[in-house]
Amino acid sequence: MQRSSSKPLRIHEVAVRDGFQIEPHFIPTADKIALINALGRSGVAKIEATSFSSPKAIPALADAAEVMLGIERQPHVTYAALVPNARGAERALQCRVDELNIVMSASETHNLANLRLRREQSMAGFADILGLASGSAAVNASLSTAFGCPFEGTIADEAILELIADLVAIGITRITLCDTTGMANPAQVKRLCSLALTAWPDITFTAHFHNTRGMGLANVLGAMEAGITHFDASLGGLGGCPFAPGASGNVCTEDLVHMLHAMGHDTGVNLQSLLDCASQLPAMVGHAVPGQVLKAGKWDRQYPAPGSLGSVQQRLAGTICGTAS
Ligand code: COA
Ligand code: ZN
């Protein structure tokens, strides 16, 4: 049952990038392509299909070009790829990526660890990439560690708002606020997202939460209360940044869609298709995955009552009769 709701929500699937980038063994290219094709048919709005990073830094996604060129494209799905620098943008554009997801960290230390750049160098590189992509692909900027950094701790809301202002000033219109290591809490999320949406109502903001401390779905609700309608999530709850200590999986896509549907929201996603995709993951990655709905079943799953209840009922009926007589 899916009840109606006001604003349709858009789900962005990131398992094949954020998830597979941290898997210890290489997932065969054909498996990645088959999974992306199935996810494309499930109704998600966007799939971050791969990353055009240095294959030395992220060997798990060294097949980015083969993946992008091998997939079937669904007309209503945006096929995005993460790009860490101009070299990655050029490679992605050659593979007809719909959207370049350029990335920098709100914290200087994580930016140096992940990209080997100072934040001002990242910002300058973004301007170059916008020029390269102009007329060929959309550009989304992801702001990692926007809700806290494993090296620097809390990052002030004002610092994030300044970075958003800098991104907007160079022409960015799509921004993802990323909780890279699951440090955010729902009150913080609602506060920061409200400030951002109030200041820049025309920017498309996406929220990207990792469930490292079990606050992922609660953070989605905090973001929704602020008015965010676009969410990254990862099939099975895979995910994690190799350059952030303690990073673990994203909010699980099928658990998120399940929760939103149970609450009466419209996502455009076929939950059963997602569950079918998720059921293939443990064999693909070689270990169990954190997603819970696949294990527990949907909220309206019903079990046959235990057979022994018949005798309990009989006994209760006897007690009641006995009491009445
Ligand atoms: N695509 C392919 N190769 C790339 C590349 C890209 N986007 N960027 C750099 N390279 C190559 C360089 O040419 C160099 O190759 P060589 O050793 O054969 O000469 C090699 O990678 C390393 O380059 P180096 O100069 O040491 O690093 P860099 O500063 O050029 O690259 C990064 C730094 C950040 C681009 C690289 O470390 C990277 O891709 N990191 C991964 C970031 C990421 O995806 N993080 C997780 C998601 S947030
Ligand atoms: Zn992430």
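A polar contact is a pair of N or O atoms within 3.5 Å. Keep that cut-off in mind as we walk through this predicted model, starting at its ligand. An oxygen atom of ligand 1 sits 2.7 Å from an N or O atom in the side chain of Ser53, so the pair falls inside the 3.5 Å limit.

Two further approaches are worth a look in the viewer. At Phe52 the backbone takes part: one of its N or O atoms is 2.9 Å from a nitrogen atom of ligand 1. Arg87 uses its side chain instead, placing a polar atom 2.9 Å from an oxygen atom of ligand 1. On its own, ligand 1 has 910 Å² of accessible area, and the protein covers 69% of that.

Now step back to the whole shell. It holds 19 residues, of which Ser53, Ser54, Lys56, Arg91 and Asn114 come nearest to ligand 1. Two helices stand out here: α4 (86–94) and α5 (108–115) each provide at least two of the shell residues. The biggest contribution is that of α4, with three residues.

Finally, let us turn to the cysteines. Searching the whole structure turns up zero disulfides. Cys241 is in none, and the nearest cysteine sulfur, belonging to Cys178, is 10 Å away. Cys241 is buried, with a relative accessible area of 10%. Cys252 is likewise in no disulfide; for this residue the nearest cysteine sulfur is that of Cys277, 12 Å away. Its relative accessible area is 8%, so Cys252 counts as buried.

Definitions and conventions. Residues numbered from 1 in each chain as written. Chains lettered and ligands numbered in written order. Predicted model: local features only at pLDDT ≥ 70, side-chain atom pairs only at ≥ 80, totals over all residues. Heavy atoms only, no water. Near = heavy atom within 4 Å. Polar contact = N/O pair within 3.5 Å; in protein donor to acceptor, adjacent residues only side chain to side chain. Areas by Shrake-Rupley, 256 points an atom, 1.4 Å probe, with all protein chains shown as cover. Helix = DSSP H or I, 4+ residues; strand = E, 2+ residues; numbered from the N terminus. Disulfide = S-S within 2.5 Å. Buried < 20%, exposed > 50% of the residue type's maximum accessible area, 1.4 Å probe, protein only.
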